[in-house]
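Grab a pencil and work through these exercises with the model open beside you. Try each task before you read its solution.

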Amino acid sequence: MTKSKNKVVSAINLMYPPVILIVLLLVVWQTVCTANAISVWMLAKPTDIFTAFAANTKELLPDIWITYSNELIGYVLAIVVGLALAILLCAFPLVGAALNPFIIVVCCIPMISLVPTLMLVLGLGRSVKIITIVVQSFPIICMNASTGITNVDPTRLELMQSLKATKAEQFRYCILKDALPDIFTGLKLGAVMSMIGGVTAEMTGGNSGLGSRINYYIGFSKSSEALSCVIYIILLGAILYAVVSAIGAHLMKHH
Amino acid sequence: MADAVLKTKKIGKSFDTNKGIKKVLDDISIDVDEHEFVCIMGPSGCGKSTLIRIMEGIESPDTGQVLLENVPLPKRPEKSIQKNFGIVFQLDNLLEWKTVYKNTDLPLAAFHMKDKMNSQKRVMEMLQLVGLWDFKDCYPKELSGGMKQRAAIARAMVTDPKILMLDQPFGALDAITRRMLNVELLRIWNETKKTCVMITNNVEEAMYLGQRVIVLSKSPAKIVEEIKIPFSYEEKTGDVTENKEYLSIRGKLQGLIRSLD
């Protein structure tokens, strides 16, 4: 009873500083805009953005759905590809040596420079967006997971040696668990990268999704509507990040 | 002796370092009899840990061989051979995401002995032996250093190995806990009559636990001296420390260790 009460109290203690800061920043933003009579198209006031946010939700629903579903499919695929590749690279060092430079190169490509080319080949549909998300986010997931798997505590490996554990047993008994902190670092970064990838692709071409909506609104200098779309993007990013963090914290509660 | 459980025959081992090849073990021959408790001492960095790793089949020697019940250990022993060695590491090396029970159970799973050994009963017996049954559902981080090392001993013994190999198991513990665990380990040895080989850097510990203390020289390690500790379990748990013979052996051993450092 008291334990759960303490949990609630510590959660509240964690929550209120950022909430106060956000409110404070919004108030400053609002006041600056109002006091200096900045026109809406240059910098929308928070109240304008929230009004647009509330008013546009219905109109935006199809775009929100497309962006969110692409994002989720792409991110899940990126996790599957990234983790599978990491296991493959670590299980077969020769494959790892051959593929590692490629993964680093892919990691270094700003996807925005590739998306137009991809669109020439794949068109402007859904697939190009999902592929962009996957390519943008799987390398960082893979690199972090590989780091975790290869940097397993040597004393653990000595224990595994003393049990003459096979590679698969080693993986099951200790490597996976020992690598979890790094794996989850990768998954969190991957969530962020996948958001960048998805919106980049939508803004580059096609006329569906929140990214293309932002382009559309900016074309008419409707900056409060454009920023209200950004709120939806932030919302999904934050949810993804929070869910991944929560799963990680649950899996690593005894680490 | 014909019935030695574990023998090393003229073991030599070198390592490649950036200053060239460095010999760490030179011609080491040790016989360990059944039910015997052998302690190995030597200056730090002399290769004690390498020696015990070779004796338990985790590393292989460059020259010479290790015989387990007169059968040479292969370079990479299989599970069926490795399970004869119960190993206690310098640090407890428990998996922190497993409970004490699951940690103790791990070797039974790894050696595919769960059915054969009746794992539930066996784990319970071992945890009772080290006095941790009440803590079976705790995670390692909830235990003190001494309790963790006791769990590590239970884990090493759960497969009923022929030999218990202990590599400076109490080195990281404070003096009082260390003393308590020495008492505990001697009791366990007396109850189970398990053959034990232990590396230690502590003269009192070596004399309290060992029936024989083997002293190694600085690297490359050679056997300098073998000292018998001729006291029974009852004497050791009694007031042997006031015994004249005990004191003279201790003085000799201490002098020897100091002269090697």
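**Exercise 1. Which residues are buried in helix 6 of chain A?**

First, some ground rules. The model is predicted, so local features need pLDDT of at least 70 and side-chain atom pairs count only at pLDDT 80 or more, while totals for chains, interfaces and linings use all residues. Residues are numbered from 1 along each chain as its sequence is written, with chains lettered from A and ligands numbered from 1 in the order in which they are written.

Step 1: find the helix, residues 154-162. Helices (H or I, at least four residues) and strands (E, at least two) are DSSP runs, numbered from the N terminus.

Step 2: apply the burial rule. A residue is buried if 20 or more other C-beta atoms lie within 10 Å of its own, exposed if 12 or fewer, and partly exposed in between, with C-beta atoms placed from the backbone. In helix 6 of chain A, that picks out A:Leu159, A:Met160 and A:Ser162.

Step 3: look down the axis. The buried residues fall within an arc of 160° (taken from the directions from the helix axis to the C-beta atoms), so they line one face of helix 6 of chain A.

Step 4: ask what covers them. The cover includes helix 7 (167-204) of chain A and strand 6 (85-88) of chain B.

Step 5: go just past the end of helix 6 of chain A, where A:Lys164 has a positive phi of about 50°.

**Exercise 2. Describe the side of chain A that touches chain B.**

Step 1: count the residues in contact (C-beta atoms, placed from the backbone, within 7 Å). You get 14 residues of chain A against 17 residues of chain B.

Step 2: name the elements. Helix 6 and helix 7 of chain A are the ones giving two or more residues to this side, and helix 6 of chain A has the largest share, five residues.

Step 3: sort by class. This side of chain A has five nonpolar, five polar and four charged residues. Here Ala, Val, Leu, Ile, Met, Phe, Trp, Tyr, Cys and Pro count as nonpolar, Asp, Glu, Lys and Arg as charged, and the others, Gly among them, as polar.

**Exercise 3. In what order do the strands of the four-stranded open sheet in chain B lie?**

Step 1: begin with strand 1 (residues 4-17) and strand 2 (residues 20-33) of chain B, which pair antiparallel over 10 bridges. Strands pair if DSSP finds at least two bridges between them. A hairpin of two residues links strand 1 to strand 2 of chain B.

Step 2: check some positions. B:Ile11 stands opposite B:Ile28, and B:Ala4 stands opposite B:Asp33.

Step 3: find another partner of strand 1. Strand 4 (residues 63-68) of chain B pairs with strand 1 in the antiparallel sense over five bridges, and B:Leu6 has B:Leu68 as its bridge partner there.

Step 4: The order is 2-1-4-5, with antiparallel pairing. Strand 2 and strand 5 (71-72) of chain B are the edges, each pairing on one side only.

**Exercise 4. How does the radius of gyration of chain B agree with that of a compact globule?**

Step 1: use the rule, 2.2 Å times the number of residues to the power 0.38, with the radius taken over C-alpha atoms.

Step 2: compare. For 261 residues a compact globule would be near 18 Å, and chain B has 18 Å, which agrees.

Step 3: The C-alpha trace of chain B covers about 45 × 45 × 40 Å along its principal axes.

Step 4: finish with burial, where 41% of the 261 residues in chain B are buried.

Methods: Contact = placed C-beta atoms within 7 Å.
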